[in-house]
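Please keep the model open while reading.

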Amino acid sequence: MGEMDAGSRLRPARLLIAGLVAVIIVLGLILIAQAVARSTTMAAEEGARPNALAGSSDECVACHRQATPGIVEQYGVSTMAAAKVVCRDCHEVSRGYPGAVEHEGSYVLGSPSAAMCQRCHGLEVAQYNASRHSLPAYVAVVGIEPLSDAQRALYQAVPEGSFAPDKMRHALYGIEGPAITRFACEDCHNIGKPAADGSVGQCQKCHLRHEFSLEQARKPETCNACHIGPDHPQWEIYQESPHGIAYATGGYRWNWEAEAGTLTVKDFPAATCAICHMSGFGTAGTTHDVGDRLTWYLFAPISQRRPSWQDNLIRMQGACRECHNEAFLEEFYTAADAAVEAVNERVRESDAVMEPLKQQGLLTAEPFDEPIDFKYFDLWHYWGRTAKFGVWMQGPDYTQWHGIYELLKDLSELKVMAAEKLEAAAAGN
Amino acid sequence: MTLLAELSPALERVRRRLLPLRRDQMMLLMAAVNLLFLGIDTYLAHSISGTIRPYEWIPIIFGPVAAVLLLAAGLIALRRRPLASATASIILLASIVVGLLGAYFHLRRALLPNAVPSEQISVDLLVWAPPILGPLTFSLTGLLGLSAAWVEEPPDSGILRLGRRRTLALPYSKTQAYFFMVSMGSLATVISSVLDHARTGFVNPWLWLPTGVGVFATVIAAYIGAIENRRRVDLIVYAGAMLLMIAVGVIGGVLHVLDDLTASGAFLLERFIRGAPFLAPLLFANMGSLGLFVLLGPEEAAA
C-alpha cells in the first residue's frame, strides 16, 4: 500500500520529467533542422549582417550616432561589436594616460594605440613588433633620432633594424618638408610610428576602422594602399602575375572570412599578399611579421641575405607547396636568387661609376640637389627594386621594362653624367 | 539481473571476468575522465582567440583539479564511503555550477541585446558564437556523477540512500535517469556538432553521419528510459545506437585529425587549435560508452 502511495505520489513528477525530456528533444531537433537549413542557404545571404548597435542606448553610441554616424554604422556590423567589445574598451584610458584627451567627462585616445589592441591581441602585436611594418617602416623616413632607448633596442632587434642600426632621417623627407610629407611618406610609414604611450604601430593602417573586417584585411587592395608605385610596385606586379590573375578572375568565390589558422587551398586556390606573407597556409603558421618568410633584403640597394633566411625559406615554401612541387620551387628559387645577384651586380656598377666623383669631391654635400643624385637614386630605388620584386612575384613586365631596362638606361645615362663631371673637373684642373 | 545479462548472458559473463568495477564506479571514473578532458578541450577552445581572459581559466583549472579530487574520493571510498560521497557530491555540484555559468556566458556572447529585436538572436549567431551547449557538458558530467555517487537501495527502486537513515525517493530509477542523461547528452552532442558543422555549409557528406546517428541515439535513449518494461529487442537497438555513437566518435576523431594535418600530412599546432576540434567527435564516443555502461546495472554488487 505504502509503495503504491509513493508510486502515485511520484507519478506527476515522472510525467513532468518525461514531458520535459520530450520538449527538449523536440526543440533540439527543430534547432538542428534550422541550423542545417540555414547553413545550406547561408552563402546566398552573406553580407546581410545584423547591426549589434541598432537599438543601443549606450551613451557613446547615442551621441556618435548623431556626430559620426558612419563610424557607428561600421562598428555596429563588426565582429568586434558582436563580441561585445564596446567603444570604451578600446578608447577609454585613465586620466594622465599618455596621449589621452578629456572627452565628455572621461579620458580617451582618439586613435587607440597598439597597446590597446595588445590587451586582447597580444600575440599579433608581438609578431608585428618584430616585423618590418613596425619601427623599421617609421625609421626608414624619420631615422632613429626620435626613438627612445627602449624603442631603439626594439628597432635594432628587428632584422631590418639590424641591417641599418643607425639609420639617419631620409634626405627627401627633410627636403620635402612637413606640408608634403604629412600626405606622402607619413601616410604609409606611420604604420610603424610609436604612440604617445610608447607602444609601436598603427594596427588600423591595415585593419580599417571601424568594421575590422577579415575580408578587408586579407584582400590585396588593402596592401595596395602603400605597396604601389615605382619604389615598390607590388600591387601592379601582383596584378600581372598568375596569382593576381587568379584573384582578379576568381577571387569573388574565395572564402575571405575563413577562420584564421585553418586556411587551405579550398578557401584560397591561389596566393594573395596575405597568403604568402602572413596567413597560416600549408605548413606556414599565421604571423603578423611580414618578413617572417623572406630570404633577401630586397629593399636594399644591394640585396643581402636576411638573418635566418634558411628558416624563412622553409616557412615560405611551406605555403608554396600547397600548389607547387619541389622541382618547381627548386628551379624557381635558384633562378630568382641568381636574378637578385644580377641586379646587385648592376647596382654595384653604378656605385663604381659614382665612386671617383665622391673621392674627387665632385658631388655637392647636399643630397638631391643635382640631377645625378636623382639618377643614382632612381637606379636602385625604383628600377633595381622593381626588377627584384618582379622576379619574386612573377611579374615579367616589371622585371623587364619597368625594371632592368630602366636600370640599364639610367646606368648608361649615369655613366655619361659622371664622365661629364670628371671631364669638367679635369678641364678645370 | 543486469540489463547486460538480459541483452546477452555471454557478454555479462565476460564483463564479470574482465571488469571488476560496478556501474556507479564506472560512471564516477568516467566523470573524472570527462572532467579532465573537458579542462583540456576548454583550454584549446579558449586559446583560439589567442587570449584567455581570467574568468575563462575557471573551467580550464576546474576540470583537471576536479578530476584528481574525484579520483581521490574514489580511493577514500574504499574505507569511508560517506565521506567520499560527500566529497564527490561537492565536486560534482561545483561542476554543475561551472557548466551553467559557462552556458550563461556563452549565451550572453551569442545574443545581440542592442540589435533590432528580430536580429537579437538567430541561428547564425548561435552557429558562430562560442558553443552554448559546450559548457553544459560540465553540468551533465556533474549530474551523472552525482547520480553515481549516491547508493540506490534497493537497486532500481529510485530510492537513494543519503546517509545512514535519510533516503530520497526519485520519480525514476537510477537506470532510467541514466538513460535520460544519455539521451540529453547525446542531444547536446549532436546539436553542438550540427552548429559546428553548419559553418561549413554541410558540403561534406560525412557530416550527415554524426547528425543522423546522434538524433537516433537521442530518441532511442529517451524512449528506453521512459518505458517500464524493456524487451530484449529494445536493448539490442539501444546498444546498437550506442555502438554507432562510439563508431561516429572514432571516425570523426580521425577525420578531424586528417583535416587538421596539412595537405602534405605535416602537423601544425595552430591548425589543431583553430581548425577542426579533434577532441569534439570523441564526445560521441564518450556518450556511446556511457550509454553502454548503463547496461552494467542496476545491481550494485560486483561479481
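**From the sheet to the interfaces**

In chain B, strand β2 (residues 159–161) pairs with β3(B) in the antiparallel sense, over 3 bridges. One of the residues involved is B:Ile159, whose bridge partner in β3(B) is B:Ala169. These strands belong to an open sheet of 3 strands in chain B, ordered β1-β2-β3 and paired antiparallel. Its edges are β1 (151–152) and β3 (167–169) of chain B, each of which pairs on one side only. The model is a predicted one, and the values given here are computed from it.

Next come the domains of chain B. The domain assignment gives domain 1 as residues 21–149 and domain 2 as residues 173–303. The C-alpha centres of domain 1 and domain 2 of chain B are 18 Å apart.

How many residues of domain 1 of chain B are in contact with domain 2 of chain B? There are 25, and they meet 28 residues of domain 2 of chain B. The size of an interface is often given as the accessible area lost when the parts come together. For domain 1 and domain 2 of chain B, the buried area is about 2600 Å², with 69% of it on carbon and sulfur atoms. On the domain 1 side, the residues that lose the most area to domain 2 of chain B are B:Arg23, B:Val127 and B:Leu133, which together make up 26% of what that side buries.

The polar part of this domain interface can be listed briefly. The rule finds 1 salt bridge across the interface of domain 1 and domain 2 of chain B. The side chains of B:Asp24 and B:Lys174 meet in a salt bridge, at 2.4 Å from N to O. Between domain 1 and domain 2 of chain B, 7 residue pairs are in polar contact, counting pairs with both residues at pLDDT 80 or more. Three helices of chain B, α3 (23–47), α6 (123–128) and α7 (136–149), each supply at least two residues of the domain 1 side that touches domain 2. The largest share of that side, 11 residues, comes from α3(B). By class, the domain 1 side has 16 nonpolar, 5 polar and 4 charged residues.

Chain B contributes 48 residues to the contact, and chain A contributes 48 residues. The area buried between chain B and chain A is about 3900 Å², of which 65% comes from carbon and sulfur atoms. B:Asn114, B:Pro171 and B:Arg274 supply 15% of the area that chain B buries against chain A, more than any other three residues.

Which residues form a salt bridge, with the closest N and O atoms 2.9 Å apart? They are A:Arg14 and B:Glu228. Across the interface of chain B and chain A, the rule finds 1 salt bridge. The polar contacts across the interface of chain B and chain A come to 13 residue pairs, with both residues at pLDDT 80 or more. On the side of chain B that touches chain A, the elements giving two or more residues are α5 (81–110), α6, α8 (174–198), α9 (208–226) and α11 (269–274) of chain B. Of these, α8(B) gives the most, with 9 residues. The residues of the chain B side divide into 29 nonpolar, 10 polar and 9 charged.

Note on methods. Residues numbered from 1 in each chain as written. Chains lettered and ligands numbered in written order. Predicted model: local features only at pLDDT ≥ 70, side-chain atom pairs only at ≥ 80, totals over all residues. Heavy atoms only, no water. Domains from an automatic or database assignment. Contact = heavy atoms within 4.5 Å. Buried area = accessible area lost by both parts, 1.4 Å probe. Salt bridge = Lys/Arg side-chain N within 4 Å of Asp/Glu carboxyl O. Polar contact = N/O pair within 3.5 Å; in protein donor to acceptor, adjacent residues only side chain to side chain. Helix = DSSP H or I, 4+ residues; strand = E, 2+ residues; numbered from the N terminus. Nonpolar A, V, L, I, M, F, W, Y, C, P; charged D, E, K, R; others polar. Pairing = 2+ DSSP bridges.
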